[in-house]
Amino acid sequence: ITDECSLAGIVRALEASDETGVALIVGTEIQLVDGPKLVLLAKDQDGYSDICKLITTGRRRSEKGEYQLTRADAEQLGNGVLVLWIAPMPKSRSARCRVTVEAGPAIESEASAPALAEDHGAWIARYFAGRVWLVDERHREAGDAARLAELDALAAAHALPLVAAGGVHMHVRRRRALQDVMTAIRLGCTVAEAGHALFPNGERHLRRIDDLTSLYPPDLLVETQRIAALCTFDLRKLQYRYPKELAPAGIEPIDHLRELTWIGAARHWPRGIPHAVKTQLEKELTLIAELVYEHFFLTVEEIVRWARAQEPPILCQGRGSSANSAVCYCLGITAVNPENGNLLFERFLSKERDEPPDIDVDFEHERREEVIQHVFEKYGRDRAALAATVISYRGKSAVRDVGRALGIAEDQLDSLSSMYSRVRSGQSHDEWLREHGFDPDARVLNRLFALTSEIHGFPRHLSQHVGGFVISEKPLHHLVPVENAAMPNRTIIQWDKDDLETMKLLKVDCLALGMLTCLRKCLDLLHAHGLWNLPSLGAKPSLVDIPAHDDEHVYAMIRKADTVGVFQIESRAQMSMLPRLKPRCFYDPVVEIAIVRPGPIQGNMVHPYLRRKQGLEAIDYPQSKFELAAGTGVSRVKGVLARTLGVPIFQEQVMKLIQVVADFTPGEADQLRRAMAAWKRRGGLEPFRDKIQAGMRANGYSDDYFERIFEQIKGFGEYGFPESHSASFAHLAYASSWLKHYYPAAFTCALLNSQPMGFYEPSQLIQDAQRHGVQVLPTDVITSHRDCTLEPRTPSSTTIQALGERTHAQPDSSSSPTHALRLGLRQIRGMSEDLAKRIVAARNTSIFRDVADLTCRARVTASERARLADAGALQGLSGHRYRARWESAGAELPLPVLEGAGITEAHVTLRRPSLREDVMTDYATLGLSLTEHPLALIREQLEHRRVSP
């Protein structure tokens with residue numbers, strides 16, 4: 001596999017090699033800026049490292065998607081790299097065009113080709129003697145014989161051996177049309193415009209041996225076998241080592257990890273660590289030491305500790321399978337207490353699976369970049385990089401790219417791409433096309449859909465992973481090339497997440513979560529306004545300071561589905577489930593978050609659980625015939641499913657259940673989990689079906705119960721939640737619910753300042769806050785900052801009496817908000833951060849007298865003044881929108897010659913805008929209105945038409 005300046009496809013090729021038994025040769029093709037086109041093959045491990053380093057060099061000095069390499073770079077290649085030279089020859093038009101098109105130096109005339117070849121040949125012979133070959137590619141074009149004669153002469157002149165090569169770009173000839181389209185996509189033109197950049201025929205495909213022997217002299221084919229025999233590099237034998245510098249000098253890493261773990265355990269259980277937790281910690285630490293993963297845990301612990309040490313601290317919390325680990329809990333990485341006894345460590349780390357653990361940590365989405373840059377700074381860009389993500393063609397992207405290559409107009413592509421999301425159920429393909437003005441029999445459409453189906457699933461481009469870091473003891477170029485990401489100050493490797501699992505490389509996921517940003521801003525607001533003071537003077541509240549998960553007032557709010565803005569349980573589907581599930585304790589939101597997912601729904605788990613929860617159906621725990629014969633009434637299944645009333649809701653339960661009823665080992669159960677996740681795409685559940693059925697029969701369970709379990713397993717293939725993941729999210733769901741219930745003004749303020757996030761627009765969030773008694777004040781240049789803020793609200797005597805003697809640590813659920821919410825300048829559409837800063841800075845000097853004063857001191861341009869006036873932000877200076885627009889139109893930035901001069905204008909009387917005009921302008925400029933809802937303007941007409949409210 002020799003992609004151009006890339007090794008992005010070699011792990012997929014390795015998997016194919018394992019499946020087919022065809023040996024893999026790893027290499028790359030490069031075009032030197034000042035030299036020839038070369039194909040580089042990895043002879044051994046050193047050669048592979050040299051190729052990775054060369055690709056990294058070329059990619060890092062260029063923008064994403066490009067590379068730049070010179071002769072001086074290639075001269076650094078060691079003896080472990082075999083070199084194939086593709087010489088420019090005047091008789092081969094295709095070779096000449098390819099050199100020109102693929103970013104290489106253009107050949108200005110046929111006469112210059114021999115001189116260029118001689119120059120390249122002399123350089124190649126000097127630096128790569130003994131490991132370089134001159135390539136002969138034959139594609140049944142005119143001049144093949146003459147080209148061979150010229151190559152023979154060139155090879156003899158520089159003492160280079162000739163070798164046969166295919167220049168293969170497709171596996172079969174019928175892919176020629178697709179190859180042309182992909183070339184046009186790469187060049188950003190249509191197929192008709194690509195011209196000589198397209199291959200002249202379809203011979204660049206894999207050919208049979210007898211075809212090759214009729215084309216090439218035997219000695220050239222023998223030379224291909226000799227080169228293949230020299231390439232002994234095995235990608236599976238890459239030696240990856242994790243950084244080891246995090247342990248203090250003189251202390252073994254595993255001992256340091258043990259010390260940190262027990263310190264954390266003592267912090268969590270100051271009155272003594274429970275025996276079950278001690279046993280679990282020892283079990284995990286033993287396995288971590290055996291698999292030598294202690295460095296990985298220390299790395300994640302250091303990142304989390306660093307984030308929390310910042311000022312202000314960066315909120316973070318681990319999730320996913322790592323929440324099954326008691327060690328991660330004691331290190332402060334996750335928040336799921338192992339004392340609950342529902343962790344399945346094998347879901348996270350298993351000796352039988354022998355695969356690296358995956359720790360996902362969420363950080364505040366507005367500050368995640370700080371964490372990413374910390375990792376880069378700590379380990380260096382040569383040792384740390386983000387994983388890549390291979391973006392593949394799907395329906396819409398395939399139609400657009402192929403359509404452009406075929407010359408179809410953009411407006412037609414807009415309509416055609418919508419076909420992949422808007423076709424009515426039961427409507428045929430041809431009917432949809434005719435309905436939208438297309439001829440289903442048109443030749444260009446038939447070609448479009450044929451090529452789209454072929455390109456579907458092909459790699460489109462290499463993007464960056466959302467936050468998965470690969471960190472290495474040695475420079476990463478020993479493992480994989482590194483290139484620049486599209487975002488500044490980020491570098492990525494050329495392998496994606498699935499490749500890392502195949503190669504067993506450790507990955508640290510530094511992810512972003514908007515709700516963490518919201519919670520941190522809310523806690524900061526409460527502290528700044530003295531709404532929640534901790535016992536230790538000056539200490540800022542954090543998530544751990546939110547009272548335990550047992551507040552009945554909070555659960556009452558959740559049961560009413562009053563959860564707009566709350567993490568995870570705010571969607572319409574979740575809201576419809578909450579009154580039926582009736583959460584009363586922390587485990588109920590854990591189930592709630594997991595149950596409204598495709599997996600439990602597809603596996604028919606939702607309604608049985610709800611009926612049992614409501615007492616409408618008996619809870620049953622099937623017994624084996626051996627248990628029934630014993631007559632004890634004890635079912636082994638109950639120990640697994642008692643927490644969820646006999647219904648498997650979580651992935652961990654399925655894994656435990658299979659171990660109990662079918663005698664699966666923990667490692668085999670995890671293999672089943674992986675097969676569950678992939679069976680919709682690749683199948684692979686049938687071998688497990690037979691093993692599960694045999695195990696259950698041997699243990700005395702009925703075939704009916706087996707069928708029930710297996711259908712549930714297939715349901716989890718749609719999308720199933722691990723319990724640890726759901727429990728991590730439930731912590732944040734409860735924290736956000738608690739803050740929303742007791743401090744609705746601060747919580748809504750934080751939500752607005754953390755946008756975009758969640759399901760709801762600012763208008764809906766503000767309406768919800770108003771329903772909870774929050775006074776919302778409009779945007780005003782006299783008082784508003786860029787962000788939304790809180791302002792003291794003068795409570796009525798009734799409210800004062802209701803507040804009583806409550807403490808801030810124990811809020812009274814009956815109290816009204818003591819602070820009003822002031823909308824910030826950020827709510828104005830099109831408002832720049834720079835303008836908001838200028839306004840606040842000028843206002844801090846002295847208050848604004850009028851619009852002219854604002855214009856002068858904050859340097860507000862005419863378009864900015866108009867935007868502020870339309871949004872109502874100048875009403876404090878002008879009275880109403882129309883006067884604000886009039887005064888803003890008359891205000892001008894003063895010329896230097898008139899600096900300080902007073903300008904007096906006659907007063908003009910303007911009518912106030914109507915309610916309708918205010919509401920419509922509010923929505924046009926802010927996306928919300930504090931006066932009326934738009935439907936209020938037509939309420940009478942709706943009632944007259946008997947429209948139900």
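Visitor: How many strands form the open sheet, and in what order?
Guide: In this predicted model, 5 strands form an open sheet in the order β1-β2-β3-β4-β5, with mixed pairing. Strands are DSSP runs of E with at least two residues, and helices are runs of H or I with at least four, numbered from the N terminus. Two strands pair if DSSP finds at least two bridges between them.

Visitor: Which are the edge strands?
Guide: They are β1 (27-31) and β5 (162-165), each of which pairs on one side only.

Visitor: How many bridges join β4 to β5?
Guide: Strand β4 (residues 132-137) is joined to β5 by 4 bridges, and the two run parallel. Within β5, Val163 is the bridge partner of Val135.

Visitor: How are the residues numbered, and which atoms do side-chain values use?
Guide: Numbering starts from 1 along each chain as its sequence is written, and side-chain values use heavy atoms, leaving out hydrogens and water. Local features need pLDDT of at least 70, side-chain atom pairs count only at pLDDT 80 or more, and totals for chains, interfaces and linings use all residues.

Visitor: New topic: how many aromatic pairs are there?
Guide: The structure holds 16. Rings of Phe, Tyr and Trp (its six-membered ring) pair if their centres lie within 6.5 Å; planes under 30 degrees apart count as stacked, over 60 as edge-to-face and the rest as tilted. Tyr48 and Phe233 are stacked, at 4.6 Å centre to centre with 15° between the planes.

Visitor: What does that pair tie together?
Guide: Tyr48 lies in helix α2 and Phe233 in the loop between α10 (218-230) and α11 (253-268), so the pair ties together parts 185 residues apart in sequence.

Visitor: Are Tyr48 and Phe233 buried or exposed?
Guide: Both Tyr48 and Phe233 are buried (buried means under 20% relative accessible area, exposed over 50%, partly exposed in between, with a 1.4 Å probe and protein chains only).
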